[in-house]
Amino acid sequence: MSKAAVACVICAFLLVSGYFVVANFWPDEEEDELERLLGEMDVLETEFRELYDEQFELELELEELNEELEELKEDHPPETRLPEIEDKIEELRSDIKDLEDKIIALTEMLEDLRKKILELEDRITALLNKDAEDDDDDDYVPPTYESGTLSIHFLELGNKYTGDCIYIKNGNVEVIVDAGSRTTSAKTIVDYVGKHNDDGIIEYVIATHAHQDHIAGFYSTGTGANRVLGVLDAFNIGTIIDYPMTNSTTVTKKNYEDTRDRLVETTDTVHFTALECYKESKTGAQRIYDLGDGVELEILYNYYYENKSSSENNYSVCFRILNNGQQYLFTGDLEEAGEKRLVDYYEKKEGGLGKCVLYKAGHHGSTTSSGTDLLGAIQPDYIIITTCAGTAEYSSSNLSQFPTQIFISRIVPYTTNVYVTTIIHDYSGNKFGSMNGNIIFAVTAGEISIECSNNDTILKDTDWFKTNRTWA
Ligand SMILES: [Ca+2]
Ligand SMILES: [Zn+2]
Ligand SMILES: [Zn+2]
């Protein structure tokens, strides 16, 4: 996690809804205190990351020394061993012991740091909760659907950050895909899903990749009165499917994985990587999960499940929902290189991915995803972009801000049915609001409907679009 990103996790607490900029109404001392705590958090996160990397290096070194020792012992059996070889072996053993001690010490330091970070998060939450409660305008009641309807909900995340959380409901069978964008999104997501969930069980959870804006809302934060339940603790979880590969060393990733592992150890939750599902290489791991009423969840093969990439995004779990002849495609933040492999693989395997009525725009409508190969292969009728339109989070140049002009130009040939969750009014001033809002794509007996919490205006007809983009 970048330093700026960590600070942002906390900034998100500032905002409960829409246009309010709570910080502006704060007494100066509280604002100063918040600033101080955020600075402290920044330092701790950096320290955590550095120690984590150091530990990783030492583990590699340890592995090498152990190999060297084994080779030496093999090459020189005890009966023929010369004194200088004995000395060398002793020396190696002592080096190994030193390294092991260092690694143990580092592990303890990392654990301490993590506790400190959680405590700090607590204090920040407490400070922010003071003001946040008054502004909670939670009067939106999402529609309920009769049985036989499959609904796919693209959620707003309660802050100005781009990220994913998709809630899929088919009767009582539910899937949550990602829980972004920051730890503060957990409450927003849990509240929303809680309004729809009847059985307390989320049958499937998919964590596409280890980026903060996809996993930060999965785990709980705070203690006592400030405890905020993450998605994994708020519901009973059936099967967790996640990324087989990661380069990440962030505390966010560790917190998510620790929570996942705790559930697996202490509850009935099971966990598979997407590769285990695709290969069905573990008992219970399936390539296709039956969600009932002719609806299936199919884990697709992504080359980067088992090959290294410099981009974490390429490790994204890819899957499709098959609904009585219709296909809906989800590729997380998969980038163009990964998309090309995906298209190619399914081209060879089954003559192509085939038309996908619904496509969740890869990587929030960035230029690095939704390449022409993928779009050509799936010919989407509906595209949902989970982002804050016009966000300066990743770029200060207008045309490169999500959804980018290049991305728009690529989707123009396929459909005007394009929807976006959130919009930025003033990024540095923490002002954001709903674009379409929470977007629900619902299908009953093959009939598609789109219902949004704010409005149903398609992207190209919005004021933001008319000012900032061209439909060409
Ligand atoms: Ca359920
Ligand atoms: Zn993302
Ligand atoms: Zn990502």
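This report describes a predicted model of one protein, from its overall build down to one of its sheets.

**Confidence**

The mean pLDDT is 90. Of the residues, 92% reach 70 or more.

| Stretch | pLDDT | Contacts beyond near neighbours in sequence |
|---|---|---|
| Residues 1–24 | below 50 | 61 contacts |
| Residues 131–136 | below 50 | eleven contacts |

Both stretches do have contacts in the model, despite these pLDDT values.

**Overall build**

The protein holds twelve helices and 16 strands. Its C-alpha trace spans about 85 × 65 × 45 Å along the principal axes. How does the radius of gyration of 24 Å fit a compact globule, and why? A compact globule with 472 residues would have a radius of gyration near 23 Å, so the value of 24 Å agrees.

Burial comes next. Buried residues account for 43% of the 472 residues. Contacts also reach along the chain. Take the contacts between residues at least 6 apart in sequence: 71% of them join residues at least 24 apart.

**The eight-stranded sheet**

Eight strands form an open sheet with mixed pairing. Their order is E6-E5-E4-E3-E2-E1-E15-E16. Which strands lie at the edges? They are strand E6 (270–273) and strand E16 (447–452), and each pairs on one side only. From one strand to the next, the twist averages 15°.

In general, the strands of a sheet pair through backbone hydrogen bonds, in either the parallel or the antiparallel sense.

One end of the strand order can be followed pair by pair. Strand E4 covers residues 201–207, and strand E5 covers residues 236–242. E4 and E5 pair in the parallel sense over six bridges. Here Tyr 204 stands opposite Thr 239 in E5.

The next pair is E5 and E6. How many bridges join E5 to E6? There are four, and the two strands run parallel. Ile 241 has Phe 272 in E6 as its bridge partner. Between E5 and E6 the chain passes through H7. This β-α-β crossover is right-handed.

Helix H7 spans residues 251–266. Where does H7 lie? It lies across E4, E5 and E6. Relative to E6, H7 runs at about 130°.

Terms used: Residues numbered from 1 in each chain as written. Chains lettered and ligands numbered in written order. Predicted model: local features only at pLDDT ≥ 70, side-chain atom pairs only at ≥ 80, totals over all residues. Pairing = 2+ DSSP bridges. Axes fitted to C-alpha atoms, helices over the stretch in contact; angles between N-to-C directions. Contact = placed C-beta atoms within 7 Å. pLDDT = per-residue confidence, 0-100. Right-handed = clockwise from strand over helix to strand, strands pointing away. Rg over C-alpha atoms; globule rule 2.2 N^0.38 Å. Buried ≥ 20, exposed ≤ 12 C-beta atoms within 10 Å, placed from the backbone.
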